[in-house]
Amino acid sequence: MADPSANRLANAPSVYSIAAHRGFADALVAGLVPRYANDDFGLARLTLLLPSRRTMRTVSEAFIRHFGEGGRAGMLMPRMTVVGDLDLDETLGSLLDPLGAADIPRSVDPTRRWLRLSQLLEQELGKDAPRGSALMRLARDVGTAMDRLLVEDVKPEALVQDSVLDLLGDLSRHWLKSLSTFIKVQHLWLSELQASAEVDAATRRNRLFDFAAERWRAQTPDAPIVAAGVTSAAPALARLLRVVADLPNGAVILPDLDLAMDETVWTELGTAGAPQTVGDPPFAAGDAVTHPQYHLKLLLNRMGIARAEVRPWHRKGLGAAPPERSHAISSLFLPPEASKGWADLPADKRRLAGVRLMESATPEEEAQAIALLIREALDTAERRIAVVTPDRSLARRVAQHLQRWNIAADDSAGQPLSDSAAGRMVLLLAEIMSGAAAPVPLIAALQHPLVQQDSDRGKWLAQVRALEIALRGPRPAPGFAAMRPIAANAGLIDWWDRVEEILSPLLVDEAEHSFADLLDLLIQGAEMLCGEAVWSREDGRALANTLEDLRFHARNVGAKLAPADLHSVLMDVFEKTAVRPPYGGHPRVAIYGLLESRMSRADLVICAGLNEGSWPAAPGNDPLLAPPVLRALGVPGADFRIGLSAHDLAGALGAPDVILSRARRDISGPALASRFLLRVRALLGADLAERHQEETAIDLAQVIDLAEKSPPYERPSPKPSADQRKVDISVTALDCLRSDPYQFYASHIMHLRELDGLDAEPSPAWQGTAAHEILEEWHKSGRPMELITSEVLTQMSAHPLTRALWQPRLMKGLDWVESTVFACAGRVPVSFEAQGKMEIRGIKITGKADRIDRLEGGGLAIVDYKTGSPPSGKEVEQGFALQLGMLGMMAERSCFNDRSGIPLAGEVQRFEYWSLGKSEESSTGFGYVTTPVLERRKTTGIKAEDFLPQTEIYLHQALDQWILGTEGFTARLNPDAKNYNTYDQLMRLDEWQGREA
């Protein structure tokens with residue numbers, strides 16, 4: 001075995017860099033095997049320090065490829081341990097967290113800290129503390145800020161040092177209050193940790209790094225140790241890496257450190273934690289923190305190593321790109337001053353052969369094009385493809401499009417627990433608890449795919465669907481009491497008893513309860529509905545672990561929560577919990593986020609979602625610590641992560657074939673191209689950029705789902721048989737028949753009715769029904785209007801919010817009716833909500849008169865109550881509002897009875913709409929009377945003496961044309977008439993409207 005320290009300058013640290021074009025994992029393995037392999041033990045003596053578990057898998061796969069390419073049957077693998085990525089919520093490997101470190105206090109559980117911080121915040125802020133999920137989010141932000149400081153070795157007392165105190169006069173009140181709250185809560189928390197002999201996870205991590213560094217410095221390990229791919233610049237980790245680099249058999253191997261960068265450019269990056277003058281801030285205002293090399297310069301400075309001491313790693317991987325690619329990448333990310341030299345760059349410094357640019361119209365088109373590129377690439381044997389994107393929505397779209405060819409991509413990020421079947425089940429139960437059994441989550445939970453899998457699910461679903469039909473419309477009153485009569489009317493009372501037994505424990509009072517007890521209720525409800533199915537798959541196991549962790553620590557700290565906040569709190573937790581399948585997907589197709597993509601390698605890398613706000617992500621300021629405070633403390637600012645994402649792109653550009661993809665629009669509107677992509681275009685120039693454009697995949701994506709153009713759909717005009725046409729007509733249906741015959745055909749001949757949505761807004765029909773029932777009862781009994789209104793709305797199970805918003809307005813209209821009726825001298829209401837029918841030419845015509853008054857002289861007045869605007873005179877003239885005329889015809893034929901059951905007789909002399917709508921002339925602000933006949937100063941309508949004769953003419957025309965004739969029921973025959981959109985989809989309105997002859 002070759003001595004890795006051979007030819008090394010005396011006492012020089014062993015630090016290497018693998019250029020982007022070489023392919024980090026494969027190049028790493030290609031160099032490690034000849035250096036450290038032993039004929040007897042292979043690489044078993046070698047220890048690799050890697051940044052994350054994902055990179056362990058990546059390096060393992062690289063070893064397998066290397067052995068396979070060399071024709072070897074196998075070899076003992078090196079020992080791999082992770083330094084633990086806090087962004088991925090990973091812990092240290094056993095090598096760095098040994099049993100021998102018992103004198104380092106144990107770390108507190110993150111969930112326990114989160115819950116306890118929420119209590120400390122509530123205690124500190126008092127009545128100003130946010131509630132529910134807002135408080136829990138603030139507690140998480142406090143924990144994140146604490147970790148950010150701890151990782152940078154910033155002690156709590158640094159927050160009150162002079163460099164911070166000098167800033168207080170320049171900070172706004174908001175920042176001062178946030179800083180004060182943070183300092184107080186951190187002090188309380190650290191006091192608790194000291195009392196329990198615990199430390200934060202970030203503190204223990206730093207101490208373990210220092211422990212390992214001291215141990216290896218004091219006694220050189222017998223086996224070689226190599227740190228590979230670690231780019232975190234945390235001070236404690238930098239100290240450990242320096243020790244590893246100084247070991248006789250150790251080495252630190254960095255990814256994509258630009259050793260060819262001009263020294264003036266390297267200097268232009270800024271101080272990067274190494275100020276020239278003592279006392280200056282570690283990060284100067286002009287530092288190029290968004291440059292992809294900045295964090296590596298920061299790491300080298302903290303390690304105490306000059307860039308000149310870093311040597312190139314001369315091995316390359318199996319899938320290496322041309323070496324010219326690294327020159328282009330270096331030129332691509334030049335700082336502002338140095339980038340002025342682009343104009344004079346020679347061709348070999350800007351060559352990006354193998355890199356294509358793809359621009360789509362929408363994310364959907366982008367995902368489809370990416371899927372097509374993947375499918376094409378898979379036709380080449382052993383070709384590996386990786387999609388790298390921070391946009392999880394885009395990643396899911398790509399995975400879904402790949403299902404067209406039964407390709408299951410290996411999505412390393414998995415899916416949020418909140419989107420999984422098991423997670424969604426528990427969230428629905430939490431929503432039932434938070435919303436007092438609102439219809440939407442209730443029905444969604446009862447028909448969830450996991451419910452009743454072990455029993456007669458078909459019968460169960462039939463009962464759920466029957467309940468759903470019964471519940472459609474405005475939301476009933478909270479709780480199960482209002483739903484019980486609804487279930488009984490639907491014939492589901494026995495089944496409902498079972499449902500109520502399962503779910504009623506969820507409906508606890510609104511006061512705060514033990515968080516753990518609330519979780520117990522959710523778990524009990526999920527098991528009673530789903531049995532073991534809720535826990536049986538990978539999402540169920542992730543759910544079980546998450547709930548058990550929450551329940552244990554919530555009970556331990558005594559956390560309390562109001563039931564109304566449970567759903568939003570769990571949603572936040574579940575969205576941060578990833579569910580990954582137990583087995584990977586396609587062996588040659590992977591989808592990575594930016595963190596997961598580091599050190600990964602593929603023959604074709606598709607960098608997708610290259611828009612501002614996505615890649616790079618929009619920098620977000622710490623909600624608790626102002627940017628000047630962070631700079632004074634020596635903590636990198638929010639823009640630092642832009643540099644990390646630039647480095648991720650630089651690493652991806654090292655693949656043999658690369659596609660840089662973006663969509664011109666996103667879900668919110670037009671999108672700005674990523675600054676990185678704009679740099680690529682600028683580097684290439686207009687001519688070269690055009691040649692690098694990928695257009696074939698876009699063209700295919702646009703046509704892949706196009707079907708043969710269908711012939712134009714003509715305006716429907718169905719012609720049913722004579723027997724089908726001969727149906728009864730209501731007085732309101734005649735208006736529909738004349739204005740839109742197709743609507744009449746769909747509703748009265750095909751008997752199709754529109755269903756209200758679940759938890760729908762109160763429709764005009766619902767409001768009208770309520771108002772008519774109230775007025776009918778008032779006319780008949782004479783009891784107080786307000787009492788009757790309350791009773792009717794209670795019987796209709798009106799939700800309290802509906803009553804609060806609508807009942808005051810309704811009462812003003814009803815009060816106007818009451819006062820107006822009493823003020824009408826010389827007329828007496830004699831019939832209310834009277835049903836009547838008559839037969840004309842063999843067709844039964846039915847109607848309901850809201851109110852009929854007897855006038856002085858024996859004449860009759862027909863009154864129709866409206867909760868909205870009554871028909872206009874123009875509509876009456878055209879024959880599209882004949883309801884009062886039809887009721888008048890029926891009244892003159894004695895088709896209605898009075899309150900005693902005696903048929904009414906007399907000439908109809910008045911036709912009136914009594915509207916409960918707004919009116920400036922009403923004493924209550926609501927209520928007015930109008931008439932369809934032409935009188936006084938009205939300019940539209942039908943003269944009183946002609947109203948009934950003209951109505952009869954319109955009736956006979958309708959009978960002759962449609963009911964007893966052969967005319968087609970043409971859709972939207974009269975576009976100017978008042979039409980409803982109920983049957984627009986059935987008539988395929990958008991396909992023919994505007995093209996009709």
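Reply: Happy to. Contact here means heavy atoms within 4.5 Å. Among contacts in the chain between residues at least 6 apart in sequence, 77% join residues at least 24 apart. The model is a predicted one, where local features need pLDDT of at least 70 and side-chain atom pairs count only at pLDDT 80 or more, while totals for chains, interfaces and linings use all residues. Residues are numbered from 1 along each chain as its sequence is written, and side-chain values use heavy atoms, with hydrogens and water left out.

Me: How many helices and strands are there in the chain?

Reply: The chain has 36 helices and 30 strands. These are DSSP runs numbered from the N terminus: H or I of at least four residues for helices, E of at least two for strands.

Me: What makes the chain more spread out than a compact globule?

Reply: The radius of gyration is taken over C-alpha atoms, and the globule rule is 2.2 Å times the number of residues to the power 0.38. For 997 residues that rule gives 30 Å, and the chain comes to 38 Å, well over it, so the chain is more spread out than a compact globule. Along the principal axes, its C-alpha atoms fill a box of roughly 125 × 65 × 60 Å.

Me: How much of the chain is buried, and what is its accessible surface?

Reply: Buried means under 20% relative accessible area, exposed means over 50%, and partly exposed is in between (1.4 Å probe, protein chains only). By that cut-off, 52% of the 997 residues are buried. The accessible surface is about 45400 Å², and carbon and sulfur atoms hold 50% of it; such areas come from the Shrake-Rupley method with a 1.4 Å probe, and for residues only the protein chains shown count as cover.

Me: Why is helix α15 called largely enclosed?

Reply: Of the 8 residues in α15 (residues 439-446), 6 are buried, so the rest of the structure largely encloses this helix. The buried ones are Pro439, Pro441, Leu442, Ile443, Ala445 and Leu446. They pack against α14 (421-434), α16 (457-471), α17 (483-489), α18 (493-503), α19 (515-530) and β23 (758-760).

Me: Why does Asp497 count as partly exposed?

Reply: Asp497, in helix α18, has 33% relative accessibility, so it falls in the partly exposed class. Its C-alpha atom is 9.5 Å from that of Ala487, 10 residues away along the chain.

Me: How do you know which class His772 belongs to?

Reply: His772 has 18% relative accessibility, so it counts as buried. This residue of helix α30 touches Glu833, Asp850 and Tyr865, not counting residues up to four places away in sequence.

Me: What makes a space in this model a pocket rather than a cavity?

Reply: On a 1 Å grid over the protein atoms alone, a cavity is a set of points where a 1.4 Å probe fits but cannot get out, whereas a pocket is an open set with protein on both sides within 12 Å along at least five of seven lines. Lining residues have an atom within 4 Å of a point. The second largest pocket has a volume of about 2000 Å³, that is, the space filled by probe spheres set on grid points joined across faces, edges and corners. Its lining has 44 residues, and the closest to its centre are Thr732, Pro764, Ala765, Lys866 and Tyr980. The elements giving two or more residues to the lining are α28 (731-739), α29 (741-749), α30 (764-781), β25 (843-855) and β26 (860-866).

Me: Which peptide bond is cis?

Reply: The bond joining Trp615 and Pro616 is cis, with omega about 10 degrees. Pro616 lies in the loop between β18 (604-607) and α23 (627-633).
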